[in-house]
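Dear colleague,

I am handing over the structure discussed in our group, with the sequence and coordinates shown directly below. My notes follow it, arranged by region, and I would be grateful if you could read them alongside the model.

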Amino acid sequence: MTVAQAVVEFLGRQYLVDSVGGEDYRGRLIPGMFGIFGHGNVAGVGQALKQWQVKDPALMPYYQGRNEQAQSHQAVGYARHNRRRATFAVSTSIGPGSSNLLTGAALATANRLPVLLLPSDTFATRAADPVLQQLERPEAYDITVNDAFRPLSKYFDRVNRPEQLFSALHHGLRVLTDPAETGAVTISLPQDVQAEVFDVPEEFLAERDWRIRRPEPEEQDIRRAVEMIRSARRPLIIAGGGVLYAFANEQLAELAELTGIPVAYTQAGVGVLPWDAPYCLGAIGSTGTTAANAVAREADLIIGVGTRYEDFTTASRTAFQNPDVKFVNINVAPIDAYKHGTSLPIVADARKALAKLASGLSGYRVGADLAQLAAAEKDRWDRTVDEAFDTRHTPLPSQNEIIGAVNRAMDERDVVICAAGSLPGDLHKMWRVRDPFGYHVEYAYSCMGYEIPGGLGVKRAAVDEADRAAEGSAEARPRDVVVMVGDGSYLMMHTELVTAVAEGLKLVTVLIQNHGYASIGALSESLGSQRFGTKYRTLDRKHHTFDDGEKLPIDLAANAESLGVRVIRVEPGEHVIADLEAAVAKAKAEPEGSGPVLIHIESDPLLDAPDSESWWDVPVSGASELESTQHAYRTYTDHKSRQKPLLG
């Protein structure tokens with residue numbers, strides 16, 4: 001068989017097995033492959049996929065896409081909703097087809113989410129040299145475009161000879177299924193090698209199981225952690241995405257209920273507890289709630305569970321102001337467990353570690369002062385969000401009102417998707433999550449354009465989830481997936497809506513038109529740069545500025561309609577929020593398989609969300625002729641004085 005045929009058949013027979021809480025799981029590791037074909041892969045991987053489509057379509061289903069980067073984003077969204085138990089492979093041609101995947105590789109690795117990338121490469125034999133789209137480096141002729149994947153991937157290999165395929169795929173899938181090391185796995189396939197024939201051992205093509213490793217914590221670490229918690233006056237748990245990937249929600253809730261230790265969550269950790277759980281303070285850090293940040297400021301012990309401690313989480317190392325604060329970090333990845341000079345790193349599965357902590361803390365309860373502070377701050381923040389959701393601005397609503405309307409209109413099991421702009425921060429602090437799978441904001445890389453393809457990946461996972469639930473029982477309804485996106489991100493990668501149209505995928509997109517980059521506009525203003533370059537306006541050629549011209553005469557609703565999407569326009573006016581809620585309900589009522597729906601609404605970008613009473617380190621020019629920048633620099637230096645070089 002050819003190398004490409006071996007790749008496809010091998011991937012079609014790989015399974016992920018897992019056991020959590022006594023429940024065994026076994027499912028396809030790579031349930032399908034995306035691909036856009038060019039001369040680098042059409043006769044290799046393309047031929048192999050077509051051959052299996054004829055022979056056995058279920059072995060490796062092929063899915064189209066409109067952009068290679070978007071295909072990798074779909075795979076990441078699918079992996080996230082499946083809690084890293086499954087992902088897709090992506091095949092590309094050489095040159096721009098391959099390099100279009102670079103952003104997707106960085107995003108997957110930054111988010112610790114698995115994706116298998118199979119970019120084609122130039123001739124290994126150099127029989128044709130240089131070929132179309134080949135990058136030539138006079139000082140190193142063995143370097144190709146695909147070498148750019150090396151720093152962006154958790155594993156990289158190039159199959160220059162057919163015999164190398166065996167070790168390349170085995171090592172690649174080893175990394176793909178490792179919870180501590182997972183991310184983008186890139187296996188470069190030269191176009192001539194893909195079509196080369198070689199003998200493949202039958203055992204290579206047999207079914208193989210890959211088990212997720214979930215390491216137990218060491219007893220001495222648990223004993224020390226218990227001692228530290230019992231001696232702390234104001235402990236705080238910060239829960240990250242690792243809690244969700246370990247299926248540790250129940251263990252976290254039990255520990256909080258047992259001890260009264262309040263819980264805050266990171267962007268990736270939204271959903272670890274329902275928003276109204278008694279001990280849930282909501283989001284932490286720069287985009288956090290005032291409740292979580294107030295408790296964090298005085299905390300003397302931080303128990304980090306499954307968090308990367310991104311700078312938004314730590315408010316750029318200003319969130320924790322107690323001079324005696326200590327850190328216990330529980331993480332399956334050592335790089336995260338040891339961050340910020342932690343007092344006690346525990347390299348272990350979150351579920352297993354939390355269960356053992358709860359056992360060791362029997363009879364322990366936080367003091368009444370902490371319990372009262374947490375309850376009072378939680379109540380203060382809830383009233384703040386109520387006011388932000390219920391205030392009515394007309395004819396253009398605030399983004400706060402839009403978020404509240406969409407939140408109210410969605411069912412408990414539905415999923416909201418976002419990635420970049422001002423929406424992620426506002427969603428983080430205000431979205432009232434009710435289900436562990438109900439929130440997916442890509443914020444490790446915060447990639448503009450991720451929203452629609454990432455949402456498609458989540459929708460695919462939701463459909464598969466419903467199909468599994470329906471086996472042997474009444475039909476289950478897939479979760480509705482609602483993408484919230486601003487006009488800036490929409491214009492980055494809206495064409496993947498065509499994929500949803502082609503497959504009849506019911507994806508609901510709420511497009512907020514604010515005529516520019518609202519997030520960076522607000523940041524620019526706070527840094528003294530007066531929203532420079534953040535408005536979508538016509539060019540004033542005399543002063544060469546885009547800041548003061550007319551709004552662009554662009555109709556993004558009509559754009560979506562031209563792609564085959566059903567569009568609901570919510571017009572400005574007195575009843576705009578009620579109309580938005582009705583539009584979301586109408587979109588949700590559409591039957592599965594009917595294709596995407598887009599809701600278009602305009603907002604006022606100058607109406608900000610409630611303040612987090614926190615900070616994010618973005619340097620301000622130390623010298624400036626602008627008075628606005630001078631003022632911003634004075635504010636910056638004040639915040640900078642509270643920043644710590646190490647936390648733990």
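This is a predicted model: local features need pLDDT of at least 70, side-chain atom pairs count only at pLDDT 80 or more; totals for chains, interfaces and linings use all residues.

Proline 395 sits in the loop that links helix 14 and helix 15.

Helix 14 spans residues 368–390 and contains alanine 368. Alanine 368 counts as exposed because its relative accessibility is 52%, the cut-off for that class being over 50%. Between the C-alpha atoms of alanine 368 and alanine 476 there are 45 Å, with 108 residues separating the two along the chain.

Helix 15, residues 399–409, is by contrast mostly covered, with 10 of its 11 residues buried. Among the buried residues are Gln399, Asn400 and Glu401, as well as Ile402, Ile403 and Val406. The cover over the buried residues of helix 15 includes helix 14, helix 16 (423–430) and helix 22 (576–589), together with strand 18 (481–486), strand 19 (507–513) and strand 21 (597–602).

Proline 130 is placed in the loop between strand 6 (115–121) and strand 7 (155–158).

For phenylalanine 247 the angle is near 55°. This residue, phenylalanine 247, belongs to the loop between helix 9 (241–245) and helix 10 (249–259), and a relative accessibility of 22% makes phenylalanine 247 partly exposed. Glutamate 613 has a positive phi of about 55° and lies in the loop between strand 21 and helix 23 (627–640). With a relative accessible area of 36%, glutamate 613 is likewise partly exposed.

I turn next to two helix pairs. Two packed helices are described by the angle between their axes and the distance between the axes.

How do helix 1 and helix 6 cross? The axes of helix 1 (residues 3–11) and helix 6 (residues 165–176) come within 11 Å, at a crossing angle of roughly 30°. Helix 1 is therefore roughly parallel to helix 6, since angles under 35 degrees fall in that class. The crossing of helix 1 past helix 6 is right-handed. On the side of helix 1 the contact involves Val3, Ala6, Val7, Phe10 and Leu11, which meet Leu165, Leu169, His170 and Leu173 of helix 6. By class, the residues of this contact comprise eight nonpolar, one polar and no charged.

The second pair is helix 3 (residues 68–81) and helix 17 (residues 451–470), whose axes come within 6 Å and cross at roughly 45°. Helix 3 and helix 17 are therefore oblique to each other. Here too, helix 3 passes helix 17 in a right-handed crossing. Helix 3 contributes Ala70, His73, Gln74, Gly77, Tyr78 and His81 to the contact, while the residues from helix 17 include Pro453, Gly454, Gly457, Arg460, Asp464 and Glu465. The contact of helix 3 with helix 17 divides into seven nonpolar, six polar and three charged residues.

Leucine 107, in helix 5 (residues 102–110), is buried, with a relative accessible area of 0%. Which residues does leucine 107 touch, leaving aside those up to four places away in sequence? They are His73, Val76, Glu442, Tyr445, Cys447 and Tyr450. The C-alpha atoms of leucine 107 and tyrosine 443 are separated by 9.2 Å, although the two residues are 336 residues apart along the chain.

Serine 91 is part of strand 5 (residues 89–92) and is also buried, at a relative accessible area of 0%. The side chain of serine 91 is joined to that of asparagine 41 by a polar contact of 2.9 Å. Beyond four places in sequence, serine 91 touches Asn41 along with Met33, Phe34, Gly35, Ile36, Val45, Gln71 and Leu118.

With kind regards

Notes
Residues are numbered from 1 along each chain as its sequence is written. Side-chain values use heavy atoms; hydrogens and water are left out. Axes are lines fitted to C-alpha atoms, for helices over the stretch in contact, and angles run from 0 to 180 degrees between N-to-C directions. Helices (H or I, at least four residues) and strands (E, at least two) are DSSP runs, numbered from the N terminus. Angles under 35 degrees count as roughly parallel, over 145 as roughly antiparallel, 65 to 115 as roughly perpendicular and the rest as oblique. A crossing is left-handed if the near helix is turned anticlockwise from the far one by less than a right angle, and right-handed if clockwise. Contact means heavy atoms within 4.5 Å. Ala, Val, Leu, Ile, Met, Phe, Trp, Tyr, Cys and Pro count as nonpolar, Asp, Glu, Lys and Arg as charged, and the others, Gly among them, as polar. Buried means under 20% relative accessible area, exposed over 50%, partly exposed in between (1.4 Å probe, protein chains only). A polar contact is a pair of N or O atoms within 3.5 Å; within protein, one must be able to donate a hydrogen and the other to accept it, and residues adjacent in sequence count only if both atoms are side-chain atoms.
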